[in-house]
Amino acid sequence: MARPFLFCAFLFILTLEVSLVMGAPTNCGPIQATDTDMIQFAQNLEFLEADFFLYGALGRGLDSFTPSFAKGGPPPIGAKKANLDPLVAKIIEEFGYEEIGHLRAIINATGGIPRPQLDLSAQNFANFIHQALGFSLITPFVPFDPYLNTINYLIASNLIPYIGLTGYVGTLPVLSNINLRSLVAGLLGVEAGQDAVIRALLYERANEIVLPYGKTVAEFVNRTAELNNRLANCGIKDEGIIVPQSLGAENRTNSNILSANTDSLSYARTPPEILRIVYGTGSENKPGGFFPNGAGGNIARRYLSPA
């Protein structure tokens with residue numbers, strides 16, 4: 001495919017803009033929590049991925065496969081089957097089954113937590129996208145719908161596994177239990193694989209226009225990365241799929257299939273950073289977004305009731 005060099009200057013300007021807007025980081029260091037609490041915090045994202053992928057590929061979620069894993073938690077809001085091409089549908093179906101396995105492993109190791117209320121509605125995804133783009137569409141246009149087609153679903157998917165990946169990178173070094181460290185290493189490997197597949201599929205479509213917005217896939221991915229960095233408020237840890245060569249791997253490429261630092265190492269995020277993103281509020285104390293009533297587990301609940 002033709003490599004979309006035309007966006008390089010645009011993306012570089014946006015990256016600098018994010019750095020200036022975010023200002024000094026706050027609450028970006030490690031937090032005090034038990035190993036079990038850290039892994040149960042990650043279970044929130046596994047719930048999110050499981051239902052999004054299962055519904056997207058099959059039109060039914062976790063409750064149709066292993067309802068006991070939800071531990072009485074409510075079904076997700078707005079999730080439905082996506083209009084996917086056959087290749088992506090098969091990939092997303094596999095991802096959904098993998099998330100069931102992840103939940104089983106976490107529950108077996110830690111007992112698990114109830115599934116929190118998830119908002120997987122098209123409107124919620126549209127809110128994130130419009131926040132990233134800096135504008136909303138008005139009638140007669142239909143807002144961004146992740147279930148409408150393959151491109152939209154891949155853009156929406158890019159909002160989810162990468163956050164879990166960075167969370168596991170941040171969690172692994174602080175765990176003391178060898179068995180739980182092994183568990184997180186295994187979870188991290190698959191989450192990283194899912195993210196790489198999604199970003200590669202997006203890169204293949206980088207120059208395609210997302211209707212009715214009139215912007216390319218590459219622009220969408222860059223803008224959502226910018227939004228995540230702004231919400232988390234701890235520096236640049238999320239990147240687009242096209243970057244200036246000066247920011248590419250070893251300054252030799254403008255492709256950016258894998259988001260990584262100057263040594264090509266994965267970025268790490270802490271639970272507060274992750275909550276700021278998935279809530280869509282920029283605050284670990286203000287639920288919303290994918291978790292309208294807040295995430296589950298001791299860590300998330302601690303931030304819902306700050307001292």
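Helices (H or I, at least four residues) and strands (E, at least two) are taken here as DSSP runs and are numbered from the N terminus. The model is predicted, so that local features need pLDDT of at least 70 and side-chain atom pairs count only at pLDDT 80 or more, while totals for chains, interfaces and linings use all residues. Residues are numbered from 1 along each chain as its sequence is written, and side-chain values use heavy atoms, with hydrogens and water left out.

Most residues other than glycine have a negative phi, and most peptide bonds are trans. Against this background, Lys-71, in the loop between helix 2 (35-58) and helix 3 (86-110), has a positive phi near 50°. Lys-71 is partly exposed at a relative accessible area of 39%, where buried means under 20%, exposed over 50% and partly exposed in between (1.4 Å probe, protein chains only).

The loop between helix 8 (217-232) and helix 9 (271-278) holds Ser-264, a residue other than glycine whose phi is also positive, near 60°. Ser-264 is partly exposed, with a relative accessible area of 42%. Thr-253 is found in the loop between helix 8 and helix 9 as well, but counts as buried at 18% relative accessibility. The side chain of Thr-253 makes a polar contact with that of Ser-255 (2.8 Å), a polar contact being a pair of N or O atoms within 3.5 Å, of which, within protein, one must be able to donate a hydrogen and the other to accept it, and residues adjacent in sequence count only if both atoms are side-chain atoms.

A cis peptide bond, with omega near 0°, leads from Leu-211 to Pro-212, and Pro-212 is placed in the loop between strand 1 (209-210) and strand 2 (215-216).
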